[in-house]
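I opened my notebook to look up a few things in this structure, one entry at a time. Here is what I was looking at.

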Amino acid sequence: MSRVALVTGGSRGIGAAISVALKEAGYKVAANYAGNDEAAAKFTAETGIPTYKWSVADYDACAEGIARVEADLGPVDVLVNNAGITRDAPFHKMSRDQWQAVMDTNLSGLFNMTHPLWPGMRERKFGRVVNISSINGQKGQFGQANYSAAKAGDIGFTKALAQEGARAGITVNAICPGYIATEMVMAVPEKVRESIISTIPVGRLGDPADIARCVVFLASDDAGFITGSTITANGGQYLT
Ligand code: CAA
């Protein structure tokens with residue numbers, strides 16, 4: 001029987017590539033999304049992957065959403081915490097709302113999604129949790145005090161939970177993508193973006209598929225001895 005994978009923010013950008021790659025690898029995939037109904041409908045039409053709408057920033061909505069997915073597809077074996085937002089601003093201009101929105105989605109979202117799924121993974125003695133952090137959680141980024149803090153938090157969450165999941169057959173790992181060609185990165189002012197690309201040794205933005213392949217590996221049985229790790233996929237831009 002094929003395993004069930006749930007990808008948050010799974011209908012666009014890196015998340016869409018992850019959903020598709022997991023489906024191609026034989027998983028039954030559910031893609032969560034928060035806002036863009038049109039993109040979600042188009043994604044389902046093109047890929048056949050069902051989409052489910054709720055905000056990962058809302059604990060109760062996560063519990064309800066997960067229950068819907070599990071009623072449709074069965075217990076979730078693989079959780080990919082990919083959903084993320086940016087609210088970039090230099091710190092002196094950053095509002096409390098910009099801080100809070102990013103913390104709620106990019107950090108608390110991991111708690112909200114993983115916590116309801118954790119007891120079932122422990123009972124079944126199998127689970128894969130893959131958290132999509134960021135290069136900017138590793139190195140910090142001008143204009144992203146909120147995002148960098150949340151993404152660094154994702155790595156701490158990963159390392160702590162890996163220790164708790166290990167004996168229950170659950171692995172918890174993080175991936176730190178560098179700058180990937182998605183709408184999020186394209187929203188960075190062109191001049192700033194060009195200067196960032198000039199610091200990437202491979203000389204290009206990453207492809208969403210570059211990250212999706214890492215997820216498929218971490219979700220697989222072959223990766224059962226890897227837990228608490230952080231895979232850096234950034235074209236050499238920041239070496240950890
Ligand atoms: N280092 C030092 N100074 C910098 C800087 C940097 N990296 N970037 C900008 N500055 C300076 C500018 O030169 C400018 O200085 P002057 O005032 O002396 O000219 C000043 O900071 C900018 O001030 P502004 O008041 O004009 O700032 P702003 O309100 O327009 O905001 C910004 C600027 C939003 C931070 C913009 O620079 C920006 O978007 N930067 C990119 C941030 C970024 O990399 N975001 C990543 C998004 S993608 C993502 O997050 C995915 C992922 O995981 C990688």
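**Entry 1**

I started with R204, which counts as partly exposed at 44% relative accessibility. For my own reference, buried means under 20% relative accessible area, exposed means over 50%, and partly exposed is in between (1.4 Å probe, protein chains only). Before going on I noted that this is a predicted model, where local features need pLDDT of at least 70, side-chain atom pairs count only at pLDDT 80 or more, and totals for chains, interfaces and linings use all residues. Residues are numbered from 1 along each chain as its sequence is written, and side-chain values use heavy atoms, with hydrogens and water left out.

Which residue does R204 form a salt bridge with? I found D210, with the closest N and O atoms 3.4 Å apart. The cut-off for a salt bridge is a side-chain nitrogen of Lys or Arg within 4 Å of a carboxyl oxygen of Asp or Glu. D210 is partly exposed, with a relative accessible area of 22%. I also saw that R204, D210 and R213 are linked in a network of salt bridges.

Side chains of opposite charge can pair when their charged atoms come close. How many salt bridges does a search of the whole structure find? I wrote down six.

One of them joins the side chains of D221 and R3, at 2.8 Å from N to O. D221 lies in the loop between α9 and β7 (230-233) and R3 in the segment before β1, so this pair ties together parts that are 218 residues apart in sequence. The helix and strand names come from DSSP runs (helices H or I, at least four residues; strands E, at least two), numbered from the N terminus. D221 is exposed, at 51% relative accessible area, while R3 is partly exposed, at 27%. R3 has another neighbour on my list: it lies over the face of F126, 3.9 Å from the ring centre. To count as sitting over a ring, NZ of Lys or CZ of Arg has to be within 6 Å of the ring centre and within 35 degrees of the ring normal.

Next I looked up R12, which forms a salt bridge with E183, the closest N and O atoms being 2.9 Å apart. R12 is in the loop between β1 and α1 and E183 is in helix α7 (residues 183-186), so the pair ties together parts 171 residues apart in sequence. R12 is partly exposed, with a relative accessible area of 38%, and E183 is exposed, with 58%.

**Entry 1: nonpolar cores**

A nonpolar core here is a set of buried Ala, Val, Leu, Ile, Met, Phe, Trp, Tyr and Cys residues joined through side-chain atoms within 4.5 Å. The largest one has 25 residues, and those with the most contacts inside it are I18, L22, V80, I132, I175 and V215. β1 (4-7), α1 (13-24), β2 (28-33), β4 (78-81), β5 (127-132) and α9 (208-219) each supply at least two residues of this core.

What is V80 in contact with, leaving aside its neighbours within four places in sequence? My list reads L6, V7, T8, I18, L22, V130, I132 and V215. Contact means heavy atoms within 4.5 Å.

**Entry 2: an aromatic pair**

I found one aromatic pair. It is Y59 with F111, a tilted pair with 5.9 Å centre to centre and 35 degrees between the planes. The rule: rings of Phe, Tyr and Trp (its six-membered ring) pair if their centres lie within 6.5 Å, with planes under 30 degrees apart counted as stacked, over 60 as edge-to-face and the rest as tilted. Y59 lies in helix α3 (residues 59-73) and F111 in helix α4 (residues 96-124), so the pair ties together parts 52 residues apart in sequence.

**Entry 3: S133**

Is S133 buried or exposed? It counts as buried, at 2% relative accessibility. S133 lies in the loop between β5 and α5 (135-139). Not counting residues up to four places away in sequence, S133 touches K151, D154, I155, I175, C176 and P177.
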